[in-house]
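Welcome to this tour! Keep your viewer open and select each part as we come to it.

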Amino acid sequence: MTHRPVLTHTRAELADALSRLPGTKALVMTMGALHSGHLQLVREARELADHVIVTIFVNPTQFAPGEDFDAYPRTLDADMDALETVGADLVWAPAPQDVYPTPATVTIDPGPIARVLEGKTRPTHFAGVALVCTKVVNLVRPDVALYGQKDAQQLAVLRTVFAQLDIPVRVHPVPIVRAEDGVALSSRNQYLSDDERIRARALSRALRRGAEAAEAGAEPAQIVAQCRSVIEAEGGIDLDYIALVDAGTFEILAGTESVPVGEGTAAPTILSDGSREGRILIAAKVGTTRLIDNMEVPLRDACAPAGRLAEHAGDLA
Ligand code: AMP
């Protein structure tokens, strides 16, 4: 049976509500405007701990000037209704001053993994993500924190930050939830017009084409080229990057950018058949809306990465 989660805003309210939750805790961090992808994180969280804590916070430090911080949808009442259906116990929806009672002069630089792909286009983004996630984990003290593969690079960054700062939390990844038309669910999809929404389907189609090429044994560069050809055939999509990375280390395996990532990150992901697990990532603007998506792909040769390369469309112009 589900029940309405307890809603808290201040740090004191959060601490008081947490003290009433004995047992293990799972944390799901969101920026709100919740959809079925977020709710899947909460469902999985229920399986992993006695209590589920959800945070709803549009974090200013991860947005750069000119990004959509002000326009980002804020729908707390609807979010609370949605969370009631999946059985979250506690919601923390702080104001910026509750998270940052003093101006943040301390920064966290997650290192090379935060400087490629999303980190290249949004140079301050992952420092802001690392800061808010570290603070919230320290305030909530969960046993496990769940993050979606939708933001695969964020997940890799947080694993690196939590591991290297010895933050005692287990990270649990959740697969991407997609709409029936293949588009990955995102709070930003509501910015898309009907036409743009149709064009946006090309992103997941492109990833699937790349995955099919990988399954047929294509080389990393060929996998990326196949993926790119779908985006170009669709037209009207402003590609930021396509990259093939090792799913475990985030080492970049195909494209045009060369940045070493490996140090301090996880070991390469080798599957039971000896192949290496990869992930193709894509970022593109459809109209004025910037979308990201990714898909896991098997890579035939586990031992011989083709180079540390990613393709930033802007670099090629
Ligand atoms: P956000 O509110 O966009 O910051 O997302 C909060 C959490 O939900 C992050 O860990 C995201 O990766 C995850 N998430 C967002 N969309 C999806 C999706 N379509 N499938 C799985 N997880 C998602």
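Now extend the selection to the whole of strand β2 (residues 25–30) and strand β3 (residues 51–56), which run parallel and are joined by six bridges. Helices and strands here are DSSP runs, numbered from the N terminus, with at least four residues (H or I) for a helix and at least two (E) for a strand. Two strands pair if DSSP finds at least two bridges between them. In general, strands of a sheet pair through backbone hydrogen bonds, either parallel or antiparallel.

Before going further, a word on what you are looking at: this is a predicted model, in which local features need pLDDT of at least 70 and side-chain atom pairs count only at pLDDT 80 or more, while totals for chains, interfaces and linings use all residues. Residues are numbered from 1 along each chain as its sequence is written, and side-chain values use heavy atoms, leaving out hydrogens and water.

**The parallel sheet**

Next, bring in the neighbours of β2 and β3. Which order do the six strands of the open sheet follow? The order is β1-β4-β3-β2-β5-β6, with parallel pairing. At the edges you will find β1 (6–8) and β6 (170–174); each has a single partner strand, so one side of each is left without a neighbour in the sheet. On average, neighbouring strands of this sheet are turned by 25° against each other, direction ignored.

Contact means heavy atoms within 4.5 Å, and angles run from 0 to 180 degrees between N-to-C directions, with axes fitted as lines to C-alpha atoms (for helices, over the stretch in contact). Then select helix α7 (residues 152–164), which lies across β5 and β6 and runs at about 155° to β5.

**Two pairs of helices**

Select helix α1 (residues 11–19) and helix α6 (residues 125–140). Their axes are 10 Å apart, and the helices pack at an angle of about 45°. α1 and α6 are therefore oblique to each other; angles under 35 degrees count as roughly parallel, over 145 as roughly antiparallel, 65 to 115 as roughly perpendicular and the rest as oblique. Show the side chains of R11, L14 and L18 in α1 and of K135, L139 and V140 in α6, which make the contact.

Move on to helix α8 (residues 194–215) and helix α9 (residues 220–234), whose axes come within 8 Å and cross at roughly 155°. α8 and α9 are therefore roughly antiparallel to each other. Among the residues of α8 that meet α9 are A202, L203 and A206, and the α9 side includes I223, V230 and I231. The residues of this contact between α8 and α9 divide into 10 nonpolar, three polar and four charged. Here Ala, Val, Leu, Ile, Met, Phe, Trp, Tyr, Cys and Pro count as nonpolar, Asp, Glu, Lys and Arg as charged, and the others, Gly among them, as polar.

Select G236 in the loop between α9 and β7 (237–246). Is G236 buried or exposed? G236 is exposed, with a relative accessible area of 53%. Buried means under 20% relative accessible area, exposed over 50% and partly exposed in between, using a 1.4 Å probe and protein chains only. Not counting residues up to four places away in sequence, G236 touches R199 and K285. Draw a C-alpha to C-alpha distance from G236 to G287: the two are 7.8 Å apart in space and 51 residues apart in sequence.

G287 sits in the hairpin of β9 and β10, which has two residues between the strands, and takes a positive phi near 65°. Colour strand β9 (residues 276–286) next: 10 of its 11 residues are buried. β9 pairs with β7 in the antiparallel sense over nine bridges, and L239 stands opposite A284 in β9. β9 also runs antiparallel to strand β10 (residues 289–299), joined by 11 bridges, with I280 opposite M295 in β10.

**Two last stops**

Most residues other than glycine have a negative phi. Select L117, where phi is near 55°, a positive value; L117 lies in the loop between α4 (96–99) and α5 (118–121) and is buried, with a relative accessible area of 0%. Finish at R141 in the loop between α6 and β5. R141 has a positive phi of about 55° and is exposed, with a relative accessible area of 63%.
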